[in-house]
Amino acid sequence: MSKEDAHPECGGEDESKMKSMLDASEETVRKRVRANTPSPNRGKTQASPPPFVSVEELMETAKGVTNMALAHEIMVNQAFQVKPLELPEGSLEHRVKEIMHKAFWDCLEAQLKEDPPVYEHAIKLLAEIKETLLCFLLPGQGSLRSRIEEVFDLPLLHQQASNGVLDIRQLSHFIIGMMGSLCAPCRDEDINKLKKITDVIPLLKAIFSVLDMMKMDMANFALSSIRPHLMQQSAEYERSKFQEFLEKQPNALDYTEKWLENSVRSLGEAREMSSNVASCGPLSLSTLDVHNHAYLLLLRWDHASDPFPETVLMDQVRFQEMQKEAEQLVLLSSVLLVVYTSTGEAISGLPGFIESLKNTISVMLANMHSPSFSLQEALATIGEKLCADLNQCLSQRGYSPFSAEQQNTLKGQISAIIQPDNTVRKLIDSRVQSYLLASLESGHHKAPPLPGGLTPVSRELKELAVRFSRLVNFNKLVFSPFYQKILHKILTAGESPSADT
C-alpha cells in the first residue's frame, strides 16, 4: 500500500467546538441528575419519589454520559479529528510538563557531551522510536518490519555504545527516511524540515514532535476507515448507555415527552385548519408524521427558555446552528423574491446578476444572530444597496431606472420582511420547512423537488437538508424504542394512530 493509500490528508474543523458541545451536554445532564426531582413541565404527580442517587452512581452516570457523547460525536461529525492534548498556557500542568521535558533533554545533552559520551538516555529514546515506527506498519509490510528490527537491534546498540562507536546521526538519517515513507502526505514538509537540522538534540526533539503528529494521523485514519462500519454498534451503545441513565433517573424523558406532545398538538391544529374539519373531531395522526414534525420544531426552538429534549441534548448546538441557517435562508430568499417580483422581466435570464445580489444580501445578513446586530438597519441598508445595483443593471439593459416612488416602494417591501407575519416571509418559511420535512420523508432516496422561490438558495438549502436528515436519522436509530413507547401512549390517549411508524 502506498503512502497516499495508507493515510488520509490532515485537517478538519476546530475541535474546540466539539469540546464545548460535549461539555454543554454533559453539564446539562448532570444538572438534571442532581436535581433528582420530577420535571415541572409534565404537570403530573408521581406515585413515589425518585430513588436516591449516590455520589458514586452520579459520577459513574456522568462518565457514561461523557463516553456516550464522545461516541456520538465520532458518528455524527464527519470532520471529527483526534487532536493532541494542549495544556493551558501558564497552568500548573503546563509548567510541570515543561520542567520535566527540559530536565530530560538537558540530561541527554550532558551525557552526550561527556568524554567518552554516555548513551543511556539516547538508547532509551531509540528504543521508543523503534516501537513507534513499528506501530505505523500494516500487516503486509514485513520487509520494513525486518529492516527496522535489524537497524534497531538494541543489544547491538548497547555494544556499540560500550565501544564508543554508536552513530546517532546515521541512525537519525534512517529514522527520517523511514518516517518519510510512512507518514501522511501532509507531513512531507515536516520531514523535509527534519533533514535540515544538524544538531543532535534539536533533531531528536523534532523527530519526536513529528512522530506525535503521525500518531494523530494514524488514529484519524483509523476513525475514517471504521466509521462506516460503526453505525449500528454506535447506535446500540448509545441506546444502552441512555437506558442505564434512565434506570437511575426514571424521569429523564420528561422533556422528550413534552416535546412530542407539543408536536401532536401543533400538527393536529395545522391539519384541522388546512382541512376545515375542526368540528369533525380529532384527526388520526401517524407516529411517523408526529415524529418528523417534532424534529422540525427543533428548528424553531426557544433555547433561552425551553429545556431541550433529553434525547437530542447532545446535538442541541447542531440543531441551533441549523436553525440559524434556516432563518438566514428564509430572509435571503424573501428579499430576492421581493426584488424579482418588482423587476421581473428586466433581470430574468441574468443568473450572474441574481448571484451578485444574493452575495450582497448574504454579507449583510452574515452576523444576524449576533447580539449587536440590528435587522431593521440591515434591511434598510440592503434596500439602498439593491436599488442602486438594480438601477445600474436596468440602465445597462436599456430599461428605465426606478423612479423615486418605485425605489421607496421596494425599500418598504424589503424593510417589511422584518415582521414575522410578513406575507412573503411566511410563504418562504413555509416552503423551507416543507422542503426539510420532505427530505426526512424521502429518507436516503433522491432529494425532493425544490419549492418555487428557493432556486437562488438551492445549494445551501440542499446541504442543510442533508445534514439535518443525517442527524435526525441517526437520532431515530438510537432512540426509536423510547419514542415508540411515548408516542403510543400519547396517541392512544386520544384517537388511535394509523399503522405506519
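Select K241 and E244 to begin: their side chains form a salt bridge, with the closest N and O atoms 3.8 Å apart (a salt bridge is a side-chain nitrogen of Lys or Arg within 4 Å of a carboxyl oxygen of Asp or Glu). The model is predicted: local features need pLDDT of at least 70, side-chain atom pairs count only at pLDDT 80 or more, and totals for chains, interfaces and linings use all residues. Residues are numbered from 1 along each chain as its sequence is written, and side-chain values use heavy atoms, without hydrogens and water.

K241 and E244 are about one helical turn apart because 3 residues separate them in helix α11 (residues 231-248); helices are DSSP runs of H or I with at least four residues, numbered from the N terminus. K241 is partly exposed at 21% relative accessibility, as is E244 at 39% (buried means under 20% relative accessible area, exposed over 50%, partly exposed in between, with a 1.4 Å probe and protein chains only). Select next E355, K358, R459, E460 and E463, which salt bridges with shared partners join into one network.

Move to helix α10 (residues 200-226), where D212 and K215 lie 3 residues apart. Their side chains meet in a salt bridge at 3.9 Å, N to O.

Then select R187, which is buried at 14% relative accessible area and forms a salt bridge with D190 at 3.5 Å between the closest N and O atoms.

Finish with helices α5 (residues 120-135) and α8 (residues 168-182), whose axes come within 11 Å and cross at roughly 20 degrees. Axes are lines fitted to C-alpha atoms, for helices over the stretch in contact, and angles run from 0 to 180 degrees between N-to-C directions.

Key:
Helices (H or I, at least four residues) and strands (E, at least two) are DSSP runs, numbered from the N terminus.
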